[in-house]
Amino acid sequence: MDEDWTLATRTVALGRPAHEPGAPVNPPLELSSTFVAGGDPVYGRAGNRTWDAFEQTLGALEGGRCLAFASGMAAVAAVLSLVPRGGVVVAPDGAYNTTLSLLESFESDGTLRELRRVDPADLDAVVGALPGADLVWLESPTNPLLEVADLAGIAAAAHDAAAIVVCDNTFATPVGQRPLGLGVDVTVHSVTKYLAGHSDVLLGAAVTDHPELAERLRTHRTLHGAIPGPHETWLALRGMRTLALRVERASANAAELARRLRGHPAVSRVRYPGVGAIVSIEVAGGPEAADRVCAATQLWTHATSLGGVESLLERRRRHPNEPLVVPAELVRLSVGIEDVDDLWRDLDQALRGI
């Protein structure tokens with residue numbers, strides 16, 4: 001690999017067969033659970049050459065060793081297995097609801113002694129929660145409040161407290177930030193979202209530059225069976241080839257929509273950190289008005305999830321496990337790659353109709 005290659009080039013060039021006469025340009029889709037003895041892989045739950053191509057590519061983008069999992073939550077669960085039984089985890093008070101629900105279930109059943117919830121954008125609050133912590137879970141930006149954490153500052157303080165630092169990098173993607181280079185120990189992705197990029201794959205990944213942590217995560221994956229399907233992994237790698245282009249276009253659309261929305265009479269607040277393709281708005285008129293907006297769009301799709309080429313929107317507090325710090329009238333916009341003026345006209349008419 002050429003060390004001078006940019007990230008955009010790496011997304012296209014890595015994880016491919018060697019340039020030899022007659023070789024395929026794309027890696028093969030290896031559909032086999034069983035392998036002839038005496039080589040590697042040994043068995044389909046332990047390895048697959050289609051995984052290898054995907055993991056090589058994402059690992060290089062993030063700067064560590066990548067392991068693919070059956071879903072984003074499978075990767076989350078594997079990483080949380082690094083916490084000793086009876087341990088302490090520090091996590092955002094507003095973050096992806098299923099991650100928080102899993103952490104809360106661990107606290108309820110005694111797997112965790114304590115779950116400490118903090119505002120991740122408040123460095124002092126995070127540092128104050130660190131004594132005795134085993135792991136710090138971060139999102140930056142957070143889902144769906146779009147708060148930004150000082151990853152380097154938190155990582156340094158957490159390491160002084162002997163805690164592992166994890167960052168869910170789904171929203172930012174390696175295009176936006178590389179947390180391992182800021183001192184984070186493990187990054188997690190819902191590959192379902194931006195990396196795969198086409199709303200047709202369930203997949204997750206964890207990346208670390210610590211060999212011991214990588215081996216623990218690999219052992220967890222093999223023993224617990226949270227392995228990705230070869231076809232899904234192949235599709236995710238194909239989707240990742242256009243990651244840089246998709247994120248660039250969607251982010252430009254999001255920045256323009258955020259600018260226009262700040263002056264809209266039906267919007268009481270716009271949350272946008274200045275980067276990325278997610279915008280959250282608070283709709284004037286409350287949750288009922290927000291629901292009407294989501295029901296009135298024609299180009300935007302009212303659906304959960306994010307990161308695909310198409311634009312999605314939803315009121316997040318419609319989910320019963322959404323954190324209460326999320327305003328009831330908040331609508332999360334996952335901005336896609338459509339023409340920005342078409343997106344604006346559709347969203348504007350829905351907002352004006354409430």
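I looked up how α2 and α9 cross in this predicted model, and α2 passes α9 in a left-handed crossing. For the geometry I noted an angle of about 35 degrees between the two helices and an axis separation of 9 Å. Helix α9 covers residues 230–240.

I then listed the residues behind this contact. From α2 I have Thr50, Trp51, Ala53, Phe54, Thr57, Leu58 and Leu61. From α9 I have Pro230, Thr233, Trp234, Ala236, Leu237 and Met240. I sorted the residues of the contact by class and got 10 nonpolar, three polar and no charged.

Next I turned to the sheet. I found seven strands in an open sheet with mixed pairing, ordered β1-β7-β6-β5-β4-β2-β3. I marked β1 (65–69) and β3 (112–118) as the edges; each has a single partner strand, so one side of each lacks a neighbour in the sheet. I recorded an average twist of 20 degrees from one strand to the next.

I checked one pair in detail. Strands β2 (residues 87–92) and β3 run parallel and are joined by six bridges. Opposite Gly87 I found Leu112 of β3.

Last, I looked at which helices pack on the sheet. I have α2 (residues 49–62) touching β1, β6 (186–190) and β7 (204–208), with its direction at about 130 degrees to that of β1. I also have α8 (residues 211–224) packing on the sheet, where it touches β1, β5 (164–168), β6 and β7. The direction of α8 makes about 15 degrees with that of β1. I note that α2 packs on the sheet and also packs with α9.

How values were computed
Residues are numbered from 1 along each chain as its sequence is written. This is a predicted model: local features need pLDDT of at least 70, side-chain atom pairs count only at pLDDT 80 or more; totals for chains, interfaces and linings use all residues. Side-chain values use heavy atoms; hydrogens and water are left out. Two strands pair if DSSP finds at least two bridges between them. Helices (H or I, at least four residues) and strands (E, at least two) are DSSP runs, numbered from the N terminus. Axes are lines fitted to C-alpha atoms, for helices over the stretch in contact, and angles run from 0 to 180 degrees between N-to-C directions. Contact means heavy atoms within 4.5 Å. A crossing is left-handed if the near helix is turned anticlockwise from the far one by less than a right angle, and right-handed if clockwise. Ala, Val, Leu, Ile, Met, Phe, Trp, Tyr, Cys and Pro count as nonpolar, Asp, Glu, Lys and Arg as charged, and the others, Gly among them, as polar.
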